[in-house]
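Let's take a walk through a protein model and look at some of its side chains. Have the picture open as you read.

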Amino acid sequence: MSRMTPFTHPLLLGFDAMEKTLERMAKANDGYPPYNIERLPGGDEVPERLRITIAVAGFSQDDLDVTTADNQLVIRGRQQEQEKRDFLYRGIAARQFQRVFVLADGMQVREARLRNGLLSIDLVRPEISNVVKKINISVSE
């Protein structure tokens, strides 16, 4: 018996990559580090944008890596273990992380900022124009 998914409908063509992305996202959600996503209104010459804010206390700019590839925004954090220290109690771990966000077609990273232990990444979506394209039909005789 084959597994039925929403993307196997015969009218949905070319969505198999989306299905794989959704499966990857479901497996990779561990909740660390915590984050917010907010919609910021546009203004004079500033388009509406989305802001992802991630709590990265203890990470410096050199410990963080923000990249985009294949419609994904990937944020990685790797802290270097400092010299040997003698902790009486250690409640703050030097933990690595990777957080992946899937971006819609056309989404672009406008800027990334690190301030007070919060990494903010602003995303914009360029205006989408509805384009109607006439497809010629060839007739073979």
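## A nonpolar patch

A salt bridge is a side-chain nitrogen of Lys or Arg within 4 Å of a carboxyl oxygen of Asp or Glu. Accessible areas come from the Shrake-Rupley method with a 1.4 Å probe, and for residues only the protein chains shown count as cover.

What you're viewing is a predicted model, where local features need pLDDT of at least 70 and side-chain atom pairs count only at pLDDT 80 or more, while totals for chains, interfaces and linings use all residues. Residues are numbered from 1 along each chain as its sequence is written, and side-chain values use heavy atoms, with hydrogens and water left out.

Now find L12, F15, M18 and L22: together they make a nonpolar surface patch with about 310 Å² of accessible area. L12 sits in the segment before α1 (helices are DSSP runs of H or I, at least four residues, and strands are runs of E, at least two, numbered from the N terminus). L12 is partly exposed, at 33% relative accessible area (buried means under 20%, exposed over 50%, partly exposed in between, with a 1.4 Å probe and protein chains only).

## Rings that meet

How many aromatic pairs does the structure hold? There are three. Rings of Phe, Tyr and Trp (its six-membered ring) pair if their centres lie within 6.5 Å; planes under 30 degrees apart are stacked, over 60 edge-to-face, the rest tilted.

One of them is Y32 with F97, edge-to-face at 6.2 Å centre to centre and 85 degrees between the planes. This pair links distant parts of the chain, 65 residues apart: Y32 is in the loop between α1 (16–27) and β1 (35–40), and F97 is in strand β5 (residues 97–102). Y32 is partly exposed at 23%, whereas F97 is buried at 7%.

Another is Y35 with F101, also edge-to-face, with 5.3 Å between centres and 85 degrees between planes.

Y32, F59 and F97 form one aromatic cluster. The charged end of R95 sits over the ring of Y32, 4.0 Å from its centre (for this, NZ of Lys or CZ of Arg must be within 6 Å of the ring centre and within 35 degrees of the ring normal).

How values were computed:
Patch = residues over 30% accessible without salt bridge, like charges linked within 9 Å, V, L, I, M, F, W, Y side chains within 5 Å.
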